[in-house]
Amino acid sequence: MWWFQQGLSFLPSALVIWTAAAFIFSYITAIVLHHVDPALPYISDTGTVAPEKCLFGAMLNFAAVLCIATIYVRYKQVQALNPEGRYISRLNKAGLILGLLSCVGLSLVANFQKTAFFAVHICGAILTFGMGSLYMFVQTALSYLMQPKIHGKQVFWVRLLLVIWCGVSAFSMLTCSSLLYSGHFGSDIVQKLHWNPEDKGYVLHMITTAAEWSMSCSFFGFFLTYIRDFQKISLRVETNLHGLTLYDTIPCPINNEQTHLLSRDV
């Protein structure tokens, strides 16, 4: 059995591969059509102009669905491993909410371009990166509380390093973008897709875009740490019948059926 056939490990793998493909394909398309500069454009800039914005939006919407599935499976896994841990249960529920909000933000970023709906796009980016960063922090805290009985210490340290990487990138991006959009470098920055080294704010722009790509990579790395965890979990669908036909009104005892959903038991 291949590693991606074990449990639900294909979920985080598909999430990372699909999202990275969305970034790469839209970037290549935008570069070929000369819609953005090759040197570190904003990720969302590569999905601003047609036709790449259509590809960017469609692929990121599906990535949001994969992300929701991954976050939910992780929530159910932690819940099953710690049925009586009240503190862990609260953290787990908080992580679920934060993760789902991040997925909503990803969909907003995909469908509301910066040049057309700047306020909505920024709200989506804040939800995606802000709530996503908090989700990573919560999951790292859960990893700390679940060691060494449930998993090894190495997983916690890897996730902690990724959270630190994400935090440094987020701080750099927030600081430089705040300065860049403060109004001291012109009012057309929102609509600007091409930058020259001679432009005012060019250095801040490059630091901001580099931090954004770096932060995205930290997200990818974090979800990849789920692969080994997801190899130990499977989902079932349970069908409960309350009558012999769809129109029965009197309950009738029927044997329930349980079938595997997406994966075999590990």
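How far apart do the end C-alpha atoms of residues 94-112 lie, and what share of the span is helix? Select this span to begin: its end C-alpha atoms are 27 Å apart, and 95% of the span is helix, with 0% strand. The model is predicted, so local features require pLDDT of at least 70 and side-chain atom pairs count only at pLDDT 80 or more, whereas totals for chains, interfaces and linings use all residues. Numbering starts from 1 along each chain as its sequence is written, and side-chain values rest on heavy atoms, with hydrogens and water left out.

**The whole chain**

Display the protein chain as a cartoon. It has seven helices and two strands, in the order α-α-α-α-α-α-α-β-β from the N terminus. Here helices (H or I, at least four residues) and strands (E, at least two) are DSSP runs, numbered from the N terminus. Of its 266 residues, 43% count as buried; buried means under 20% relative accessible area, exposed over 50%, and partly exposed in between, with a 1.4 Å probe and protein chains only. Among contacts (heavy atoms within 4.5 Å) with a separation of 6 or more, 71% join residues 24 or more positions apart.

**Annotated spans**

An unreviewed UniProt entry lists residues 12-35, 55-73, 94-112, 118-145, 157-182 and 202-227 as "transmembrane region". Its positions are given in the numbering used here, feature names are shortened, and annotations may be inferred rather than shown by experiment. Select residues 202-227: this stretch is 96% helix and 0% strand, and its end C-alpha atoms are 39 Å apart.

**Helices H2 and H3**

Next, select H2 (residues 52-81) and H3 (residues 86-111), which pack at an angle of about 175 degrees with axes 8 Å apart. Axes are lines fitted to C-alpha atoms, for helices over the stretch in contact, and angles run from 0 to 180 degrees between N-to-C directions. The two helices are therefore roughly antiparallel, a term for angles over 145 degrees. Their contact has 17 nonpolar, seven polar and two charged residues. In this classification Ala, Val, Leu, Ile, Met, Phe, Trp, Tyr, Cys and Pro are nonpolar, Asp, Glu, Lys and Arg are charged, and the others, Gly among them, are polar.

**The nonpolar cores**

Select Leu60, Ile71, Leu142, Phe223 and Phe230, the residues with the most contacts inside the largest nonpolar core, which has 47 residues. Such a core is a set of buried Ala, Val, Leu, Ile, Met, Phe, Trp, Tyr and Cys residues joined through side-chain atoms within 4.5 Å. H2 supplies the largest share of this core, eleven residues. Apart from neighbours within four places in sequence, leucine 60 contacts Thr19, Ala22, Phe23, Leu106 and Ala110. A second, separate core has eight residues, including Cys176, Tyr202, Leu204 and Met206.

**Glutamine 77**

Glutamine 77 is in helix H2. With a relative accessible area of 7%, glutamine 77 is buried. Beyond residues up to four places away in sequence, glutamine 77 touches Asp229, Phe230 and Ile233.

**The loop between H1 and H2**

Finally, select histidine 34, which lies in the loop between H1 and H2. Its phi is near 60 degrees, a positive value in a residue other than glycine, and histidine 34 is exposed at 62% relative accessibility. Leucine 40, in the loop between H1 and H2, has a positive phi of about 45 degrees although it is not a glycine. Leucine 40 is partly exposed, at 34% relative accessible area. Proline 51 is also found in the loop between H1 and H2; the peptide bond from alanine 50 to proline 51 is cis, with omega near 10 degrees.

Technical notes: Parallel < 35°, antiparallel > 145°, perpendicular 65-115°, else oblique.
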